[in-house]
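Here are my notes on the model you sent. Please read them with the structure open.

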Amino acid sequence: MPALACCVDAAAVAPPGYAAFIAGDRSLPAVVPFASSTAASLNSNSTNWSPAHSSALYRIEGWGAPYFSVNESGNIAVRPYGTDTLAHQEIDLLKIVKKVSDPKSVGGLGLQFPLIVRVPDVLKNRLESLHSAFESAIQAQGYESHYQGVYPVKCNQDRFVVEDIVKFGLPFRFGLEAGSKPELLLAMSCLCKGNPEALLVCNGFKDAEYIFLALLARKLALNTVIVLEEEEEVNLVIEISKKLSVRPVIGVRAKLRTKHSGHFGSTSGEKGKFGLTTTQILRVVKKLQDSGMLDCLQLLHFHIGSQIPSTALLQAGVGEAAQIYSELVRLGAGMKVIDIGGGLGIDYDGSKSGNSDLSVSYGLQEYASAVVNAIRFVCDRKSIKHPIICSESGRAIVSHHSILIFEAISASAPTAMNPVDLSLMLEGLSEDVRADCRNLMQAAVSRERETCLVYADQLKQRCVDRFREGTLGIEQLAAVDGLCDLVSKMVDASEPISTYHVNLSIFTSIPDFWSIGQVFPIVPIHRLDERPVVRGVLSDLTCDSDGKIDKFIGGETSLPLHELEGNGSGGGANVGYHLGMFLGGAYQESLGGLHNLFGGPSVVSVSQSDGPHSFVVTRAVPGPSCGDVLRVMQHEPELMFNTLKHRAEEFCGQDHGDEGTYATLVSTIARSFHNMPYLVSASPCSLTAMNNNGFYYSSEEDYNAAVASGASEDEHWSYCYA
């Protein structure tokens, strides 16, 4: 490697101590990095940090309003009724975490992390807000029909989420959308307790059994609509409906020309995966007419794509669909409903931008007004009766109600070699390499950043080659690495990035981050009255290089974090640092797999209460055990345990005079099958979850009854039955 030319006076420009090293002094100075704008932002208000500073730093007001804020204690607070939430009704997330994770012996529930906290009150508020936005737009524009939405269960098929939506949607005729036979079965079952007028929209590719089930649902007095995704499906509908003597209600999904260019718009447009072209729609109309069933065609469905970025694009798509709707009316179809599909976006990063998959440039009211205006304009011009407006806004309904809580269990920061040790180790290098090292330092103090980094890489490669040849020792190789790291810190404007190891599987709990690069707000849920002094990325438990989070809202590649208490410089014991991932209530649970056999999180449902803690845990379910996830993959935990038990008896049993060891081994193995796959924190909570028969359940009515009976506060908390 050619030596770098010394084109500046080192003594004049080098920080104190560096000139001496260049001149041949063995001692190395401490690193003095260039100024960092990121560091400056974290150091601002360093002596007077407040929760308001954290709220601004993490953009909580942007993406979290009106459901999340930072309270005076520096903890994330949930506002279950949105803007209507009173101060005493706010729920402190850290209190939920403490209640849920504390051992049962001290009044907790003994559940292990990671943890999903569901807040049904938020779910209810989202549904009410969506309905209110459409009703307001309908009244303001003189629209002569009504809105009744459906929830697409694919967003989150959890039983209690779907049941809550049906219950909360009862006054609004809110229904469900299914895209497969299992989803259809669960929707049929749930809607038996729903509003009789609520729609059951059947989407997705269909076979004879699917269509039979959908027609059976109509026979059971459910307001079922079979939406044709393929032209051939109409033949099955005609044939099976005649056999069952059921008059079907049919919809068609149209392929619109309108689409958006983002990731979520890729399945829309003329070449989209789903739907019928105008030519195919006309053929369906002809087949229904020939069968005397054209009056059964009552719904037009379309989908521009999820996360529609702007109301301009929305109006273009809805206007195009309204034209198709009016043409179907002209052709004699019995049209009643226009289903605008999904697409109502949420603001993941708080930017209110229409140029990103992470945000949208409108709110609920603007969305509803744009839809109503586009349909009304076309129908009035064509003198067509205003149709019922239906939407399938899953993401917008369920995203906010669910919070994923996980622990940081340790942290590791980039370490620098002691300058004195580095100098001593460099003495073992050949003179030509030492000269290159001195020249490299000269370039560093001269701030020749790009040249310096290139020559550092070349120096390291030369030394690696010599190490492979056996002419360089490991101490000298480490010394060169240490020197190059030191130089990198000198010339790099960015501050060191720590790695926080979190008790989580990204593939299981945040699969969209890994698969499509979806970024969610991630924030410490406490200590927000303290200034974060570390920049970090998050590394999960899986044995996979993709198991890390290094992209955050705002385009950041690291996250401001607090030092782990008792963690010192990166080791030490974890005493509890909890982070929350927000707006992940849609898709993450249904898409998560079993990578490394990490199962799903523990789940609790929390409702607002006027009790002393402002909340009550109404339902708690521990996450799947090791035995549960093994069973999913066709293993048999009982047989596995017996095999290991016999092995322990063979090598540690009575014949070996080690009965105590044998008993301990067998007990440990048995407990391992029953515990969750995740790491056990410093608290004993994870070992108590297995003793609760696998399921906590309590209703608000039961809780209130316990309060009325005069039970103590501790008894209120433990009022659960298996």
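1. Start with the side chains of Glu 327 and Arg 330, which form a salt bridge with N and O 2.7 Å apart. A salt bridge here is a side-chain nitrogen of Lys or Arg within 4 Å of a carboxyl oxygen of Asp or Glu. Both residues sit in helix α13 (residues 311-330), 3 residues apart, so about one helical turn separates them. An α-helix has 3.6 residues a turn, so residues three or four places apart point the same way. Glu 327 is partly exposed at 32% relative accessibility. Arg 330 is exposed at 58%. The cut-offs are under 20% relative accessible area for buried, over 50% for exposed, and partly exposed in between, with a 1.4 Å probe and protein chains only.

2. How far to trust this? This is a predicted model: local features need pLDDT of at least 70, side-chain atom pairs count only at pLDDT 80 or more, and totals for chains, interfaces and linings use all residues. Residues are numbered from 1 along each chain as its sequence is written, and side-chain values use heavy atoms, with hydrogens and water left out. pLDDT is the predictor's confidence in each residue, from 0 to 100. The chain's mean pLDDT is 83, and 81% of its residues reach 70 or more. Residues 1-41 stay under 50, and the model gives them 74 contacts beyond four places in sequence. Residues 683-722 are also below 50, with 77 contacts beyond near neighbours in sequence. Contact means heavy atoms within 4.5 Å.

3. Now the overall picture. The chain has 28 helices and 22 strands. These are DSSP runs, numbered from the N terminus: helices are H or I with at least four residues, strands are E with at least two. Of the 722 residues, 53% are buried. Take the contacts between residues at least 6 apart in sequence: 75% of them join residues at least 24 apart.

4. How many salt bridges does the structure hold? The count is 29. One of them pairs the side chains of Arg 173 and Glu 197, at 3.5 Å from N to O. Arg 173 lies in the loop between α8 and β6 (175-178), and Glu 197 in the loop between α9 (181-191) and β7 (199-202), so the pair ties together parts 24 residues apart in sequence. Arg 173 is partly exposed, with a relative accessible area of 24%. Glu 197 is partly exposed too, at 44%.

5. Another salt bridge joins Arg 527 and Glu 565, with the closest N and O atoms 3.9 Å apart. Arg 527 is in the loop between β15 (522-524) and β16 (534-539), and Glu 565 in the loop between β18 (559-561) and β19 (578-581), so the pair links parts 38 residues apart in sequence. Is Arg 527 buried or exposed? Arg 527 counts as buried, at 12% relative accessibility. Glu 565 is partly exposed at 44%. Elsewhere, salt bridges with shared partners join Arg 118, Asp 158 and Glu 589 into one network.

6. Asp 158 also caps the N-terminal end of α8, with a side-chain oxygen 3.0 Å from the backbone nitrogen of Phe 160. Helix α8 (residues 159-168) is mostly covered, with 7 of its 10 residues buried. Among the buried residues are Phe 160, Val 161, Asp 164 and Phe 168.

7. Look next at helices α18 (residues 449-469) and α19 (residues 474-491). They pack at about 170 degrees, with axes 10 Å apart. Axes are lines fitted to C-alpha atoms, for helices over the stretch in contact, and angles run from 0 to 180 degrees between N-to-C directions. The two helices are therefore roughly antiparallel, a label for angles over 145 degrees. Residues of α18 that meet α19 include Cys 452, Leu 453, Leu 459 and Phe 467. On the α19 side they include Ile 474, Leu 477, Cys 484 and Val 487.

8. Ala 443 belongs to helix α17 (residues 431-445). Ala 443 is buried, with a relative accessible area of 2%.

9. Last, Phe 615 in strand β21 (residues 615-621). Phe 615 is buried at 2% relative accessibility. Phe 615 and Glu 90 are 525 residues apart in sequence, yet 8.6 Å apart in space, C-alpha to C-alpha.

Conventions. Polar contact = N/O pair within 3.5 Å; in protein donor to acceptor, adjacent residues only side chain to side chain. Parallel < 35°, antiparallel > 145°, perpendicular 65-115°, else oblique.
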